[in-house]
Amino acid sequence: MNDLQHHGRTVLVVDDEQSNRLLLRTLLGRDGYHVIEVENGEQALDAINTLQIDIILLDIQMPVMDGYTTASIIKQRVKRFIPIIFLTAKTDEASLVKCIEAGGDDFLIKPFNYLLLTAKLNSLLRIVSLYQDIEEKNRSIQQHNLQMMQEMNVTKKVFEKVSKNDMRGPHTGLKYAMSPMSMFNGDVIMAEKNQTSGLDLMIADFTGHGLSAAIGAIPIADVFHTMTRKCFLFTDVLAEANNKLIDLLPTQMFMAAVMLSVDRSNNILSVVNAGLPDVYLYRNNEIIRSFKSQNIPLGISKMSSSQFEVEMQPLEYGDRLYVFTDGVMEAANPQGEMFGRNRVLDAFSEDIPGDDLFDSILARCAEFSDGAEQTDDITLLELCHQPQVSYPHSAEFSNEVREPSNWSLQFDLDIKSLRQFDALPYIMQAVNNLQPLQSGRTRLHTILTEMFANALDHGLLKLDSSMKDSPQGYMAFYQEKQRRLEQADEGSINISLEHTLQEDGRGGRLTLTVVDSGDGYDYRALDLGNNNAYSGRGLKLVSSLCTEMKILGKGNVITALYDWQADLS
Amino acid sequence: MSVTVQVADDNKSATIKLHERFDFSLHSDFRNAYKDITLLDGEYLVDLSGTDYLDSSALGMLLLLKEHADAQLSSVRLVGFNDEVREILNIASFDKLFQMG
């Protein structure tokens, strides 16, 4: 059987004596080998360069180039394995040793026994087959690797398109470090400007590595950016991301994440930690608070947006927030020790200027691991709360141009709807589909948000807005709002929007009316010219943003007119 | 064996014991330990006393076991973990998904 498989193999016979070559050609040819004959070493080298030679029978004493030289040149130059069998008349040990040292794989003493020759040929050709198998497999592995790298690059490009907002820089206060291919280790950072001109940030760490992690990251990035731009609350974004991951990921895969939301209007930070190491808040050279994970990672069990544990914290300018993935904690040194939380905390306890902290932590981690291979990716994020922020290109919304038209919408929300979800993103979405307001969108959103908050907080729930004067009060206000909302058993809010064309057809007037079922208040007694007359900052803001604002009824109806010009160029 | 399993005579509980590190390398051993076991209204005990480290793929394997147990109206209890392992379980809030201790 083995002999059969060697049939058709090409044997190069190198011998200066014609009778020897003839003998070998006849015998080997009869057994099905393909035989090529040359007279000396130089011709042998030529033959190897131009023909597919499987094995060489090499004489030692030849003119031009002898066998030893030929063998050593072949072994040096030829990358693939071509066995060489020396055919020699010399029988002394030194000569035979020299055969092997020159690169021969075996030798036969002339006059040779043909049976022994074919046995040796077959044995060496079996090794050639093994070599070829291995080479073939190596080639195919290399090809697979190449293909995988290409696929990863494609995925990476898709991912970069989905999450193209790099918000890093001195103007945003955001710094983070990840390795260039880090998404294939399962770490992802997403950032988007929120309605208060603060940032909403999601830092995520998928179980698993490679493409499987990237596959989860792409839809999550899409959910995060799309929903945040559409003004959904970060808890709604988390709930949607969680649902999506439950649908998409196999049971054993999940995503640990931290969601940060900075409300710049009230200087309040909200943190949801679902499975990442502690998030630290650093102020005046020390860590003043850590936010521990209190939530199950995403993609494991169904959650509604109100089920996430949210922690809130008033922020001061200069505060710095630090988020790590466990790659930082688990970075190992060559001895297998882990960097660990204590070493992270040490970095904070030293007297390092705030601006250098981030680099200092990274440097410590790198110094500790001392070139040891990283098993997990290292992601570190710092967000500094600074007085001024501006964003590289504000994430504006799709500016579809539509001709102004006449339409109206009415939303009637009973207490259950008010409890269960935030209707505003849906209303904004509807408005944006009917009549994209181009640059006025953010302004309209603010008007609507403030009118709605006024109706809910003051009209319906009768909360005292003076509570919001201090950051601590704001949190108490928020908690009290949740409590009253849970307990209320009646109440409703009606929102109507009516759009009419302006006479020249180049713009429109949007009339927004928000009615709450509360008792109202004696607004006539208040001096509308006085800025403090309105309950809180909200309505003052509305009146400054719209063309005209009126309080009607018993104080439970507010109407705002918003005029806009179409830019149809 | 790095994973051993013992089913109680009354068929109401099965104890899976892990030795050494609980990480991705145990993927098939861990799965093989329970895949042929059927408990009805019983309890799977995962004994982590021989474990000093678990990684996120181990957490994933526990979720797979939970899925297996849920289908048999059975629960999963994690026992014998040391403080470090407890911290990893706490960070992932696994106390909300599994019986502990």
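This is a predicted model: local features need pLDDT of at least 70, side-chain atom pairs count only at pLDDT 80 or more; totals for chains, interfaces and linings use all residues.
1. Start in chain B with B:Thr4, whose bridge partner in β2(B) is B:Lys17. The two strands involved are β1 (residues 3-7) and β2 (residues 13-19) of chain B, which run antiparallel and are joined by five bridges. Two strands count as paired if DSSP finds at least two bridges between them. Strands themselves are DSSP runs of E with at least two residues, helices are runs of H or I with at least four, and both are numbered from the N terminus.

2. Residues are numbered from 1 along each chain as its sequence is written, and chains are lettered from A and ligands numbered from 1 in the order in which they are written.

3. Back to the hairpin: β1(B) and β2(B) have five residues between them, and B:Asn11 in the turn has a positive phi of about 65°. Now follow β2(B) to its pairing with strand β3 (residues 43-50) of chain B, which is parallel and has six bridges. Here B:Thr15 stands opposite B:Leu45 in β3(B).

4. Next, look at two helices of chain B. Helix α1 (residues 27-34) packs against helix α2 (residues 56-71) at an angle of about 15°, with the axes 11 Å apart. Axes are lines fitted to C-alpha atoms, for helices over the stretch in contact, and angles run from 0 to 180 degrees between N-to-C directions. α1(B) and α2(B) are therefore roughly parallel; angles under 35 degrees count as roughly parallel, over 145 as roughly antiparallel, 65 to 115 as roughly perpendicular and the rest as oblique. On the α1(B) side, B:His27, B:Phe30, B:Arg31 and B:Tyr34 meet B:Met61, B:Leu64, B:Leu65 and B:His68 of α2(B). Residues are in contact if their C-beta atoms, placed from the backbone, lie within 7 Å.

5. For comparison, turn to a helix pair in chain A. Helix α10 (residues 340-349) and helix α11 (residues 354-369) of chain A pack at about 140°, their axes 10 Å apart, and are therefore oblique to each other. A:Arg343, A:Val344 and A:Ala347 in α10(A) meet A:Ser360, A:Ile361, A:Arg364 and A:Phe368 in α11(A).

6. Chain A as a whole has 16 helices and 20 strands. Of its 569 residues, 37% are buried, where buried means 20 or more other C-beta atoms within 10 Å of the residue's own, exposed means 12 or fewer, and partly exposed lies in between, with C-beta atoms placed from the backbone.

7. One sheet in chain A deserves a careful look. Five strands form an open sheet in the order β7-β8-β9-β10-β13, with antiparallel pairing. β7 (187-193) and β13 (311-314) stand at the edges with a single partner strand each, so one side of each is left without a neighbour in the sheet. From one strand to the next, the twist averages 15°. Within this sheet, β9 (residues 255-263) and β10 (residues 268-274) of chain A are joined by seven bridges, and A:Val262 has A:Leu269 as its bridge partner in β10(A). Helix α8 (residues 234-248) of chain A packs on the sheet, touching β8 (199-206), β9 and β10.

8. Which strand is mostly covered? Strand β15 (residues 380-384) of chain A, with five of its five residues buried. A:Leu380, A:Glu382 and A:Cys384 lie on one side of β15(A), and A:Leu381 and A:Leu383 on the other. β15(A) pairs antiparallel with strand β6 (residues 174-177) of chain A over four bridges, and with strand β14 (residues 320-324) of chain A, also antiparallel, over five bridges.

9. Finally, find the nonpolar cores, which are sets of buried Ala, Val, Leu, Ile, Met, Phe, Trp, Tyr and Cys residues joined through C-beta atoms within 7 Å. The largest has 133 residues, and A:Ile203, A:Ala257, A:Val258 and A:Met451 have the most contacts inside it. A second, separate core has 28 residues, including A:Leu12, A:Ala44, A:Ile85 and A:Ala102.

Notes
Two residues are in contact if their C-beta atoms, placed from the backbone, lie within 7 Å.
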